[in-house]
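Please keep the sequence and the 3D view at hand while reading.

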There are 2 protein chains.
Amino acid sequence: MSAQQPGLLARLTRELVRLPGIGQKTAQRLAFHLMKTEKDEALRLADSIREVKERLSFCTQCRNISEESLCEICLDPKRDKGRILVVEEPSTLHAIEQSGGFKGLYHVLFGSLSPLDGVGPSDIRAHELESRVNAGGVEEVIIATNPTIEGEATAIYITKMLKPYGVRVSRIAYGIPVGMDIEYADEVTLIKSIEGRRELS
Amino acid sequence: MSAQQPGLLARLTRELVRLPGIGQKTAQRLAFHLMKTEKDEALRLADSIREVKERLSFCTQCRNISEESLCEICLDPKRDKGRILVVEEPSTLHAIEQSGGFKGLYHVLFGSLSPLDGVGPSDIRAHELESRVNAGGVEEVIIATNPTIEGEATAIYITKMLKPYGVRVSRIAYGIPVGMDIEYADEVTLIKSIEGRRELS
């Protein structure tokens, strides 16, 4: 323990550094902020973390974050149960929900295939997706894994896995983001956007 | 409460957004991370915030962060009590301590003068500094407020305030950071570094 940063503050800094995208300097700044801020405000954050860990879990069907065993999307009678959109993480599901562009159900894989890191199909929730398709009623599986090597490999694996079931398997479009100047797009995105071109009618 | 982001996670996101430098996207990412991470790890962070708020306070003399009424620096008999270095925030004190370049005592102002925002001398701990000097034994007050308009105004105010006491008042040097290429320094820093030039012997 150094004289100037008491142990408790050093400990808080260490815990903050574990968060993604938070380096040593930022963690120190946040720790000092929490030290200086209103006690109520800091304790609300602490309680909020605790509650998330103690009361939230995952939907047993799609693995979306949920307070109940089935999430509100899976329980919603208005959702189209014939369409399952596959994502790597709950945060992607959340982003798509916020866009309002999809009214079916989801399937969260919790990762993507990465043989080099020893992540195989049974480490992500691929077979659970197969079971859902096998149970019937699914017309289309829309793959929204990330446009990375792992995401692509996962998309290919799922496509092959679902072939015997005769469901339609599609992949969301990757291309130039709306509002972006084309000249600033990276090469891979440009290639993807040309590959994914659509005929104008 | 939206179907896809349960209330508890939305609440955590809101609490995280209050932290400095954490925007909506980052807060969401952190909330999802805390949801997914090991329960023990997340609870350690929650406990750590709580402990900092419940057990840490400020040194009654210099306002450094401390678990006791006097901080370890003020209590340390080896520190030079004739020299007081004045900073705006405890985090600056911490950075200077880590550098090992100062062996005297500190005085944390908790802010800087900003008349436009209604921050006057009694809102920062200027008069407490005056009392410390008035109590005697202080030879030099070194001002390390930030090189901003407010920091400069504070330095000027303190210099005038302490004039009647006959103590030496100095300001730390501002200039080109060590290791920085001079051509990349901003104009104000260049001007400061030229103003603060020292004769080579």
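## The contact between the chains

The contact takes 60 residues from chain B and 60 residues from chain A, where contact means heavy atoms within 4.5 Å. This is a predicted model, in which local features need pLDDT of at least 70 and side-chain atom pairs count only at pLDDT 80 or more, while totals for chains, interfaces and linings use all residues. Residues are numbered from 1 along each chain as its sequence is written, chains are lettered from A and ligands numbered from 1 in the order in which they are written, and side-chain values use heavy atoms, with hydrogens and water left out.

Between them, chain B and chain A bury about 5900 Å², 66% of it on carbon and sulfur atoms. Buried area is the accessible area (1.4 Å probe) that two parts lose on being put together, summed over both. There are 20 residue pairs in polar contact between chain B and chain A, both residues at pLDDT 80 or more. A polar contact is a pair of N or O atoms within 3.5 Å; within protein, one must be able to donate a hydrogen and the other to accept it, and residues adjacent in sequence count only if both atoms are side-chain atoms.

On the side of chain B that touches chain A, the elements giving two or more residues are α1 (7–17), α2 (24–36), α3 (39–55), β1 (57–58), β2 (65–66), α4 (72–75) and α5 (90–99) of chain B. Helices (H or I, at least four residues) and strands (E, at least two) are DSSP runs, numbered from the N terminus. The largest share of this side, 16 residues, comes from α3(B). By class, the side of chain B that touches chain A has 27 nonpolar, 14 polar and 19 charged residues. Ala, Val, Leu, Ile, Met, Phe, Trp, Tyr, Cys and Pro count as nonpolar, Asp, Glu, Lys and Arg as charged, and the others, Gly among them, as polar.

## How the copies are related

Chain B is superposed on chain A by a rotation of 180° with 0.1 Å of shift along its axis (RMSD 0.1 Å). The two copies are thus related as by a two-fold rotation axis. Copies are superposed by least squares on the C-alpha atoms of residues with pLDDT of at least 70 in both. Of the residues of chain B, B:Ala46 comes closest to the axis, at 2.1 Å (C-alpha). The same surface serves both copies, as 100% of the contact residues of chain B recur in chain A.

## Salt bridges

Over all chains, the whole structure has 28 salt bridges, each a side-chain nitrogen of Lys or Arg within 4 Å of a carboxyl oxygen of Asp or Glu. Between chain B and chain A the count is eight.

| Pair | N to O distance |
|---|---|
| A:Asp47 and B:Arg50 | 2.7 Å |
| A:Glu15 and B:Arg44 | 3.0 Å |
| A:Arg55 and A:Glu51 | 2.7 Å |
| B:Arg79 and B:Glu97 | 2.7 Å |

B:Arg79 lies in the loop between α4 and β3 (80–87) of chain B and B:Glu97 in helix α5 of chain B, so the pair ties together parts that are 18 residues apart in sequence. Both B:Arg79 and B:Glu97 are buried; buried means under 20% relative accessible area, exposed over 50%, partly exposed in between (1.4 Å probe, protein chains only). A:Arg55 and A:Glu51 both lie in helix α3 of chain A, four residues apart, about one turn of the helix.
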